Amino acid sequence: MITGIHHISAFTKSAQINHHYYTDVLGLRFVKNTVNQQKTSIRHLFYGDYKATPGTQLTFFELKKAGQTYLRDNYFSTVTMNVPKGSLTFWKKRLENSDFQVTAVFDEDKLLFTDPDGLLLALKEADDILPLERRTNHSSVPQDKQILRLSEIELFVKDPEATLTFLTTFLGLQKSENQVKDPLGRFVTTVKQSTSAHKTRLGRGGIDHIAYTVDSTESLEALYQKALEMDVPVEMYVNRDYFKSLYVLEPNGLRIEIATTGPGFTIDESLEELGTSLALPSFLENKRAEIEAQLEDF
């Protein structure tokens, strides 16, 4: 059963700029420095709360030659994150006064802005704050104003009903009008109509996939078998070492991952040392010298 969101993965042109923005400006912790396991010349960056909790993680593939993203027919759009109640004014000032001079605009109950690659982001207030053990201390973001979690993703697709049916019948999410929620209602997937006749072209700032969470390998296996029975297109069913993943395509062709909560990122780095070295899954360790030679210093 789906228990929430696991992570959202997008593209960046510069790992260095991306790292500065998400750690220094947004105050997230850099929790894993690794590579795309299918194409190891591509660096893969993970950010989250101090403990790298699933549901707090934004990840980025570095594509140094990435062009502009063109969002047209089927695509993932704005990523919304929760922040503690009463902190949106703080965040607007922080974003606009940062060295990136971000334009941040209020839209109803959200603060809208973009990252340096053009990824659409939003902050929305919630009634809680991060538990002490999950708060970061590397930046100047006060601990009572730190980002809590991922809370919403927007999908624009040619056939919204087909996507909503997939999210409810295959993943078991709960539908309400054009939205679906996990059982706890903490993460919302909003599905909207796309009207463009042109194909989306992903580049910097585009979202590759979203990953929902299951609580066990048995639950993931059950979804894999369900995908086979329902003829859901399966791209990969793979052990990432840090978690196991099933990648499928929803009816409009967007990539959806389902990932287990564990074992987690502390299998090869201690909690205190997360993100401080190039981490590789066990099946790539014998290629470490080759992989490191492909990557520029970071």
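The model on display is a predicted one.

**Stop 1: the whole chain**

Display the chain as a cartoon and colour it by secondary structure; five helices and 16 strands make up the assignment. The radius of gyration is 18 Å, close to the 19 Å that the globule rule gives for 298 residues, so the chain is as compact as a globular protein of that length. Along the principal axes, its C-alpha atoms fill a box of roughly 50 × 50 × 40 Å.

The chain exposes about 13400 Å², of which carbon and sulfur atoms supply 48%. Of the 298 residues, 53% are buried. Among contacts between residues at least 6 apart in sequence, 68% join residues at least 24 apart.

**Stop 2: Thr12**

Select Thr12, which belongs to strand β1 (residues 2–12). Is this residue buried or exposed? Thr12 has a relative accessibility of 0% and therefore counts as buried. Its side chain reaches the backbone oxygen of Ser14 at 3.3 Å. Beyond four places in sequence, Thr12 touches Asn18, Phe60, Phe61, Glu62, Leu63 and Asp117.

**Stop 3: Gln37**

Move to the loop between β2 (29–35) and β3 (43–48), where Gln37 is found. Gln37 has a relative accessible area of 15% and is buried. Which residues does Gln37 touch, neighbours up to four places away in sequence aside? They are Asn239, Arg240, Pro281, Phe283 and Leu284. Show the side chains of Gln37 and Arg240 to see the polar contact of 3.1 Å that joins them. Then select the C-alpha atoms of Gln37 and Pro281: these residues are 244 apart in sequence, yet 8.3 Å apart in space.

**Stop 4: Glu269**

Continue to Glu269, in the loop between β16 (255–263) and α5 (288–294). At 6% relative accessibility, Glu269 falls under the 20% limit and so counts as buried. One reaches the backbone nitrogen of Gly275 at 3.3 Å, and another joins the side chain of Ser277 at 3.1 Å. Leaving aside neighbours within four places in sequence, the contacts of Glu269 include Val31 and Lys32, along with Leu274, Thr276 and Ala279.

**Stop 5: backbone geometry**

Select Gly262 and Pro263, which are joined by a cis peptide bond with omega of about 10°. Pro263 is found in strand β16.

Next, select Glu177 in the loop between β10 (174–176) and β11 (179–181). Although Glu177 is not a glycine, it has a positive phi of about 55°. Its relative accessible area is 71%, and Glu177 is exposed.

Finally, select Asp231, placed in the loop between α4 (217–230) and β14 (234–239). Asp231 also has a positive phi, about 60°, without being a glycine. With a relative accessible area of 67%, Asp231 is exposed.

Terms used:
Residues numbered from 1 in each chain as written. Predicted model: local features only at pLDDT ≥ 70, side-chain atom pairs only at ≥ 80, totals over all residues. Heavy atoms only, no water. Helix = DSSP H or I, 4+ residues; strand = E, 2+ residues; numbered from the N terminus. Rg over C-alpha atoms; globule rule 2.2 N^0.38 Å. Buried < 20%, exposed > 50% of the residue type's maximum accessible area, 1.4 Å probe, protein only. Contact = heavy atoms within 4.5 Å. Areas by Shrake-Rupley, 256 points an atom, 1.4 Å probe, with all protein chains shown as cover. Polar contact = N/O pair within 3.5 Å; in protein donor to acceptor, adjacent residues only side chain to side chain.
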